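Subject: Structure handover

Dear colleague,

I am passing on the structure below, followed by a short account of what was found in it. Please read the two side by side.

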Amino acid sequence: MGSPPIPNLPVIDLSKENLNPGTGSWLSTCRNVTQALEEYGCFVAVYDGVAPELHDEVFSAVEKLFDLPLEIKMKNTSEKPYFGYVGRHQPFIPPLYEGLGIDCANTLEGTQNFSNIMWPQGNDSFWYGLS
């Protein structure tokens, strides 16, 4: 019994020339994003405006987050559907899928509250900023 083939995700260039509203490249990029989200639910974004060090630190932090024990991740609850922890403990969720919603993620208080749930002993670099 083999594994199903892994689909090639669309790669979309989000460089400045593709982000100028109203231009042909803007419209084409918008169509590509819409099609990728409708067909795959995601895409690989290419954008050279992020330093490689920041990219690596963000992915390292996310890896540490998802490596936490299931019992800890399940403490992230929400009244909003599918906004707390969504994942392995729910039979209707695909086996490798996990999601963690962060209430008010665009605020310092929101990320600090989330971090305090995930790391009660503290993890200031997660909510305050990467090293």
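In the protein chain, confidence is lowest in helix α5 (residues 124-128), with a mean of 74, and highest in helix α3 (residues 70-73), at 94; the score used is pLDDT, the predictor's confidence in each residue, from 0 to 100, and helices (H or I, at least four residues) and strands (E, at least two) are DSSP runs numbered from the N terminus. This is a predicted model, in which local features need pLDDT of at least 70 and side-chain atom pairs count only at pLDDT 80 or more, while totals for chains, interfaces and linings use all residues. Residues are numbered from 1 along each chain as its sequence is written, and side-chain values use heavy atoms, with hydrogens and water left out.

A search of the whole structure finds two salt bridges, a salt bridge being a side-chain nitrogen of Lys or Arg within 4 Å of a carboxyl oxygen of Asp or Glu. In one, the side chains of Lys73 and Glu98 meet at 2.7 Å, N to O, and this pair links distant parts of the chain, with Lys73 in helix α3 and Glu98 in the loop between β3 (85-86) and β4 (99-100), 25 residues apart. Lys73 counts as buried because its relative accessibility is 1%, where buried means under 20% relative accessible area, exposed over 50%, and partly exposed in between (1.4 Å probe, protein chains only).

Lys80 and Asp103 form a salt bridge through their side chains (2.8 Å, N to O). Lys80 is partly exposed, at 42%, and Asp103 is partly exposed too, at 40%.

Best wishes
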